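Welcome! Let's take a friendly walk through this structure, one topic at a time.

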Amino acid sequence: MRRLEKLLYHMKNSLIVANWKSNKTIPEANDWLAKLASGFTKKEGKEVVLCVSFPLLHFLREQISKSNLDIKLGAQDVSQFPEGPYTGEVNARQLKELADYVIIGHSERRERFGENKDTLFEKVKRATEQSLLPIFCVQNENTEVPDGQIIVAYEPPDAISTSSPDSAPEDPEEMENVAYGFKSQGPGLVFLYGGSVDQNNVREFTEKNSIDGVLVGAKSLSAEEFLGIYQNA
Ligand code: PGA
C-alpha cells in the first residue's frame, strides 16, 4: 500500500493493539492463538495487531495464515541500523518478512534501554523505508513525534498497569482533548490510547471521536480478556 492509501485506510478503522512485551514461549503463544481463534469474529473497521517478541513472529505468522485469522502482526522494536555488522540487531528488512507493524519508543525502551529521540527517529526511518508501519509511543504532549508519523500511541508511564500498584487509566475526556491536540499537528494522524486498558473501560476511550484505538499491555496476555476488549471496543 502506498502512504496515502495506508493513511486513508487507517482513518476509517480502529486499531486494537496487543503488546505482549517480553512474555510467552511458542507453546504459550500457540495456546493463546487457539483460544482467540475459537471466539474471534472480525468486525468491520476493527483491526487487531498482535505485537510480540522476535522469536514468536515466524511461528505466529504461519499459524495465523493456516487458520485464516484476520489479524496482523507487529514487532516491539527494530534496529536503528540497516543490514550489516550490528551483532544482535534485528533490522527492518528482516522484520518486513514477518510483520506489518512495529512499536517504537515505548517508555520501557526509553527508560530501561536509554533510547533517545535520535535513536528512535532513526528507527522510524528504517521501518518506514521497508514499509513497516511504526506505532510511535509518546509519554506526554511534549514528546517529539517524527514528521509524517501516522500512528501515535499516547501512554503516560503512570497509567501503565505494571508501573506501580497505584497506576490507573487516564481520564477518557482528557485523552480526547490530547488526541485533538496531536491531530491538529498532523492531519490524518491515528491516535491510540494506552495504559491500564481492560474490557470494562475500553469503550470509554474508543467511543471518543478523536481516539482511533488502544494499545493494551497486561490485559492482552489473556486471550479471553483480549477478546473481551476487542468485542467491547
Ligand atoms: P498496560 O500496558 O495495558 O499493561 O497498562 C500498556 C503498555 O505498556 O503498552
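Gln80 is partly exposed, with a relative accessible area of 22%; here buried means under 20% relative accessible area, exposed over 50%, and partly exposed in between (1.4 Å probe, protein chains only). Please keep in mind that this is a predicted model, where local features need pLDDT of at least 70, side-chain atom pairs count only at pLDDT 80 or more, and totals for chains, interfaces and linings use all residues. Residues are numbered from 1 along each chain as its sequence is written, and side-chain values use heavy atoms, leaving out hydrogens and water.

Where does Gln80 sit? You will find Gln80 in the loop between strand 3 (72-75) and helix 4 (92-96); helices (H or I, at least four residues) and strands (E, at least two) are DSSP runs, numbered from the N terminus. Leaving aside neighbours within four places in sequence, Gln80 is in contact (heavy atoms within 4.5 Å) with Glu89, Thr119, Glu122, Lys123 and Arg126. Gln80 and Arg126 are 46 residues apart in sequence, with their C-alpha atoms 6.4 Å apart in space.

## Salt bridges

How many salt bridges does a search of the whole structure find? The search finds 15, a salt bridge being a side-chain nitrogen of Lys or Arg within 4 Å of a carboxyl oxygen of Asp or Glu. One network of salt bridges links Asp77, Arg109, Glu115 and Lys123.

Glu108 and Lys21 are joined by a salt bridge between their side chains (2.8 Å, N to O). This pair links distant parts of the chain, 87 residues apart: Glu108 belongs to helix 5 (residues 107-113), and Lys21 to the loop between strand 1 and helix 2. Another salt bridge joins the side chains of Glu173 and Lys208 (2.9 Å, N to O). Glu173 is in helix 7 and Lys208 in the loop between helix 8 and strand 8, so the pair ties together parts that are 35 residues apart in sequence. Glu173 is partly exposed, at 44% relative accessible area, whereas Lys208 is buried, at 11%.

## Helix 9

Is helix 9 (residues 223-232) mostly covered or mostly uncovered? Helix 9 is mostly covered, as 7 of its 10 residues are buried. These buried residues are Ala223, Glu225, Phe226, Leu227, Gly228, Ile229 and Tyr230. They pack against strand 1 (14-19), helix 2 (26-39), strand 2 (46-51), helix 8 (202-206) and strand 8 (213-216).
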